[in-house]
Amino acid sequence: MARKPADQSVNRETILLAAADVLRRNGYESTTMKDIAAEVNLTAASLYHHFRNKDALLLAVLEGGLDLAIGKIEPVVQSDKSPTDKLKEMVRLHVLTLTGNTAVGAAMIFEIRPLMNLKADGRNGAHAYSDDFIIKRDAFFARREYFEVLFRQVVQQGMDSGEFREVDVPIYTKSIIGANNWVAVWYKEGGRLAGDVIAEMIADGAIRAIKCE
């Protein structure tokens, strides 16, 4: 089947999901723009019409996954629910987001390092990045920190209200977010337990670990 030329658009979300799938199969270093283009039946030139390079495409994949998770969790944080109900729902929604697209979740774990390794001068080894890319990269990591802050706020609220026992908030928060993220690595669609069941189980466990007796 012939590849689509550049003037025949392909949905951006379709490209990002395809990129995440290819990254999961091949890894960042071994993945090429040609590989990703072939996944959505485009020419490589057409894909460059959408994204400047592989790094820009990786960043877009990570941005999309993070924005989706924040979009689901923010309303819970801002609600009138108790800290216990908030935290349980936040964990549940986070895990559900990951089981809904494990490839994007896996990219958050395994493929984020190239972005983390940028030096202060915007270089990764011999490769230099544009100022625009550095700004977008820094904005992504600020959003990533904000995502963690949302969890920290609710944990602190629960401690202040007496619902949660005293814990080291940053460590507890990192532990539950880290455990959630790894669901994307081991979860298999069509496996023994559905994603919603797993999400409920993990959310219950997160609450039991911190709830006052």
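Biologist: Hi! Where is the place of Thr102?

Modeller: Hello! In this predicted model, Thr102 sits in helix α6.

Biologist: And is Thr102 buried or exposed?

Modeller: Thr102 is buried, because its relative accessible area is 13% and the cut-off for buried is under 20%.

Biologist: Which residues does Thr102 touch, not counting residues up to four places away in sequence?

Modeller: Thr102 touches Arg24, Ala184 and Tyr187. Take Ala184: Thr102 and Ala184 are 82 residues apart in sequence, yet their C-alpha atoms are 4.4 Å apart in space.

Biologist: Nice. Let's look at α9 then. Which residues of α9 are buried?

Modeller: The buried residues of α9 are Val169, Tyr172, Thr173, Ile176, Ile177, Asn180, Asn181, Val183 and Ala184. Looking down the axis of α9, you would find these buried residues within an arc of 160°, so they line one face of the helix.

Biologist: Why would residues three or four places apart point the same way?

Modeller: That comes from the turn of an α-helix: there are 3.6 residues a turn, so residues three or four places apart point the same way.

Biologist: What do the buried residues of α9 pack against?

Modeller: They pack against α5, α6, α8 and α10.

Biologist: OK, on to α10. What span should α10 have, at 1.5 Å a residue?

Modeller: Helix α10 has 14 residues, 195-208, so at 1.5 Å a residue it should span 20 Å. Its end C-alpha atoms are 20 Å apart, which agrees.

Biologist: Which residues are buried in α10?

Modeller: In α10 the buried ones are Gly195, Ile198, Ala199, Ala203, Ala206 and Ile207. The buried residues of α10 pack against α5 and α9.

Biologist: New topic: pockets. What volume does the largest pocket have?

Modeller: The largest pocket has a volume of about 790 Å³. Its lining is made up of 32 residues, and Gly65, Leu66, Leu98, Met108 and Asn181 lie nearest its centre.

Biologist: Which helix gives the most to the lining of the largest pocket?

Modeller: That is α4, with six residues. At least two lining residues come from each of α1, α4, α5, α6, α7, α8 and α9.

Biologist: How many nonpolar, polar and charged residues are in the lining of the largest pocket?

Modeller: The lining has 17 nonpolar residues, nine polar ones and six charged ones.

Biologist: Now the loops. Where is Glu163?

Modeller: You'll find Glu163 in the loop between α8 and α9. Glu163 is buried, with a relative accessible area of 19%.

Biologist: Which residues is Glu163 in contact with, leaving aside its neighbours within four places in sequence?

Modeller: Glu163 is in contact with Ser82, Pro83, Thr84, Gly158, Ile210, Lys211 and Cys212.

Biologist: What about Tyr129, is that one buried or exposed?

Modeller: Tyr129 is buried, at a relative accessible area of 14%. Tyr129 belongs to the loop between β2 and α8. The C-alpha atoms of Tyr129 and Asp55 are separated by 9.2 Å, though the two residues are 74 residues apart along the chain.

Biologist: Last one: what is phi of Asn41 near?

Modeller: Phi of Asn41 is near 60°, a positive value in a residue other than glycine. Most residues other than glycine have a negative phi. Asn41 is found in the loop between α2 and α3, and at 15% relative accessibility Asn41 counts as buried.

Notes:
Residues are numbered from 1 along each chain as its sequence is written. This is a predicted model: local features need pLDDT of at least 70, side-chain atom pairs count only at pLDDT 80 or more; totals for chains, interfaces and linings use all residues. Side-chain values use heavy atoms; hydrogens and water are left out. Helices (H or I, at least four residues) and strands (E, at least two) are DSSP runs, numbered from the N terminus. The expected span of a helix is 1.5 Å times one less than its number of residues. Buried means under 20% relative accessible area, exposed over 50%, partly exposed in between (1.4 Å probe, protein chains only). Contact means heavy atoms within 4.5 Å. On a 1 Å grid over the protein atoms alone, a cavity is a set of points where a 1.4 Å probe fits but cannot get out, and a pocket is an open set with protein on both sides within 12 Å along at least five of seven lines; lining residues have an atom within 4 Å of a point. Grid points are joined across faces, edges and corners, and a volume is the space filled by probe spheres set on the points. Ala, Val, Leu, Ile, Met, Phe, Trp, Tyr, Cys and Pro count as nonpolar, Asp, Glu, Lys and Arg as charged, and the others, Gly among them, as polar. The arc is that of the directions from the helix axis to the C-beta atoms.
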